[in-house]
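Biologist: Could you walk me through this model, one question at a time?

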Amino acid sequence: MNGRNIVASEFVAGNEANLRAINPATGLLLDGDFVKASETAVNDALMAATIAFKNYRVLHKDKKAAFLNAIADEITNIGEVLVSRASAESGLPLARLQGELGRTTGQLRLFANLVAEGSWVDAVIDTAMPERQPLPRPDIRKMLVPIGPVVVFGASNFPLAFSVAGGDTASALASGCPVIVKAHPAHYGTSALVGEAIVKAVEKTGMPKGVFSLLFDDGYSIGSALVLHPQTKAVTFTGSYHGGMALVKLAQERKQPIPVFVEMGSINPIVLLPNAIKNKAEELAKKYAASITLGAGQFCTNPGLMLAISSAELETFKQVLTDEISKVPSATMLTEGIAKNYAKLSTEITAEDGVELIAASAVKNESLQNQSEARIAYVDAAKFIQNPKLHEEIFGPYSLLVVSKDIAELKKVIAVLEGQLTVTIMADSNELQQYQSLVHQLTDKTGRIILNGVPTGVEVCAAMQHGGPFPATNDSRFTSVGSSAIYRFVRPLAYQDWEQELLPDELKDDNPFGIFRMVNQLLTKDI
Ligand code: NAP
């Protein structure tokens with residue numbers, strides 16, 4: 001494994017190899033020395049990306065697609081080694097990481113197909129109307145173009161799918177933007193392996209070298225320098241509220257403002273309407289116990305809040321949930337910091353007024369480190385409404401059951417919730433009709449609203465929305481998962497009275513998307 005930083009697809013020497021990866025389950029150092037990046041490396045990476053952008057942005061779409069597919073191929077070639085290293089660095093089971101590997105290569109191929117098909121650029125053509133009175137109309141043609149070098153922060157909880165070659169990188173490269181990745185300090189080795197795979201793909205497909213760089217650091221200085229560099233044109237981040245907002249603030253201090261897309265905390269409420277609880281209390285309790293504890297609760301869509309109305313059947317739900325949670329063994333968390341934070345917050349919360357711990361894992365893995373026990377707490381609606389601390393994310397296998405007296409009180413609980421990535425409603429059709437205003441109230445709070453399901457498990461497809469109102473993200477108009485993620489890295493550019501042969505292919509008269517021209521002529525016929 002090559003632990004050096006990658007600047008413009010070349011491994012660069014540093015002063016010393018001073019970073020080591022840790023196995024969170026054993027607390028032991030893993031093999032491999034990683035070099036802390038210098039500020040010179042930041043500047044070199046951005047300058048190379050700026051030069052590469054000139055060619056990469058106009059590269060034929062088939063070549064960009066071939067590059068994305070080549071990255072997927074190279075990652076597939078090292079699949080076994082990669083999954084094993086990612087498991088050692090994250091404490092996540094091999095089977096979960098094998099699935100994540102498939103998602104990562106699947107995302108790359110999805111963006112390859114999107115780019116090769118081509119219509120994502122939203123070409124719109126309004127041809128000239130020289131005879132129009134009182135003034136002629138010029139020929140105007142518009143499409144989306146890439147904005148320039150993108151800085152991607154690798155996330156701790158998806159060492160593959162939200163990291164060096166994850167959805168952010170795949171969508172930025174697909175849009176025509178070079179990428180500089182800041183590796184997450186929890187998985188240097190996994191990041192290095194994926195970085196090497198991308199370098200091979202750059203070489204095999206003849207990409208401009210500045211299209212990819214990868215930098216290591218164990219603090220904030222390199223990340224901050226990347227955000228502040230004048231050639232950086234956009235930033236993506238998934239992690240804590242404090243980390244995300246620190247980067248947003250940093251970007252606002254720049255002379256030239258840039259878009260920063262941060263995904264932060266979300267507690268993903270589950271709303272259990274009375275008939276759902278009445279008809280399947282036991283089934284729901286089992287379903288949510290599994291969802292809350294999946295991957296030690298370290299998913300951004302983990303259901304951290306369950307909202308219900310008091311009833312006899314809810315007592316059954318509570319009892320089964322308690323039994324199920326007690327059977328879930330404690331699990332290794334991604335990092336020592338995340339484990340400590342979870343233990344602190346999930347303990348402190350039970351000291352809040354009216355909060356009671358009702359369930360916890362009974363089985364502890366004493367031989368392993370950084371363990372989290374699953375925990376469920378209970379509070380009544382009135383106490384919840386009064387206490388904003390209870391509305392915050394506790395990252396890990398934790399959920400809070402909030403019980404209201406009636407629908408009116410449930411609506412008051414919903415009113416105090418902040419923006420979410422997901423909201424789930426468990427209900428029958430009659431209830432959905434009966435409580436329409438509650439459903440509308442919930443849709444205003446979220447990017448994805450799920451009916452009778454679980455929020456964990458995010459499908460990567462064209463219709464997916466993985467984003468939501470603040471503080472789930474800082475810009476609810478965009479998604480970080482699915483093919484629409486590409487729209488974070490583009491801007492519209494209109495060509496007026498441009499010569500045919502100088503126009504991009506997408507805007508020429510014989511472009512395959514000429515349908516837009518006809519539609520627009522119809523729309524503007526009488527204007
Ligand atoms: P984090 O602390 O937010 O860090 C994520 C990345 O951003 C790291 O590379 C970190 O660098 C960098 N960073 C953080 N603050 C920065 C700043 N002020 N300036 C420059 N760079 C900065 O997230 P984490 O390490 O993954 O986990 C910590 C907590 O984040 C968790 O306990 C959890 O609450 C939350 N989290 C939430 C989600 C979610 O999807 N909702 C996902 C993951 C984590 P360094 O690590 O080198 O300092």
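This is a predicted model: local features need pLDDT of at least 70, side-chain atom pairs count only at pLDDT 80 or more; totals for chains, interfaces and linings use all residues.

Biologist: Which glycine is 188 residues from Met-1 along the chain, and what is the C-alpha separation?

Modeller: Contact means heavy atoms within 4.5 Å, and beyond four places in sequence Met-1 touches Phe-34, Arg-85, Gly-189, Ala-192, Leu-193 and Glu-196. The glycine you ask about is Gly-189, and its C-alpha atom is separated from that of Met-1 by 7.3 Å.

Biologist: Where do Ala-8 and Ser-9 sit, and what is phi of Ser-9?

Modeller: Helices (H or I, at least four residues) and strands (E, at least two) are DSSP runs numbered from the N terminus. Ala-8 is in the loop between strand E1 (5-7) and strand E2 (10-12), and Ser-9 is in that loop between E1 and E2 too. Ala-8 is buried at 13% relative accessible area, and Ser-9 is buried at 3%. Neither is a glycine, yet phi is positive: about 50° for Ala-8 and, for Ser-9, near 60°.

Biologist: Is Leu-19 buried or exposed?

Modeller: Leu-19 is in strand E3 (residues 17-19). Beyond four places in sequence, its contacts include Phe-34, Val-35, Tyr-188 and Phe-216. Gly-32 is in contact with Leu-19 too, and the C-alpha atoms of Leu-19 and Gly-32 are separated by 8.6 Å. With a relative accessible area of 3%, Leu-19 is buried.

Biologist: At what angle do H1 and H7 cross?

Modeller: Two packed helices are described by the angle between their axes and the distance between the axes. Axes are lines fitted to C-alpha atoms, for helices over the stretch in contact, and angles run from 0 to 180 degrees between N-to-C directions. The axes of helix H1 (residues 39-56) and helix H7 (residues 221-228) come within 10 Å and cross at roughly 35°.

Biologist: Which residues of H7 make the contact with H1?

Modeller: From H1 the contact takes Glu-39, Val-42 and Leu-46. The partners on H7 are Ser-221, Ile-222, Ala-225 and Leu-226.

Biologist: What is the relative accessible area of Pro-159?

Modeller: Pro-159 lies in the loop between strand E7 (150-153) and H5. Leaving out residues up to four places away, it touches Ser-90, Leu-92, Arg-96, Leu-97, Glu-100, His-187 and Thr-190. Pro-159 is buried, at 2%.

Biologist: Which element gives the second largest pocket the largest share of its lining?

Modeller: The lining has 26 residues, with Arg-57, Leu-59, Met-143, Pro-504 and Glu-506 nearest the pocket's centre. Elements that supply at least two lining residues each include helix H2 (61-77), helix H4 (94-117) and strand E21 (490-496). The largest share, four residues, comes from E6.

Biologist: And how many of its lining residues are charged?

Modeller: Ala, Val, Leu, Ile, Met, Phe, Trp, Tyr, Cys and Pro count as nonpolar, Asp, Glu, Lys and Arg as charged, and the others, Gly among them, as polar. The lining has 15 nonpolar and four polar residues, and the charged ones number seven.

Terms used
Residues are numbered from 1 along each chain as its sequence is written. Side-chain values use heavy atoms; hydrogens and water are left out. On a 1 Å grid over the protein atoms alone, a cavity is a set of points where a 1.4 Å probe fits but cannot get out, and a pocket is an open set with protein on both sides within 12 Å along at least five of seven lines; lining residues have an atom within 4 Å of a point. Buried means under 20% relative accessible area, exposed over 50%, partly exposed in between (1.4 Å probe, protein chains only).
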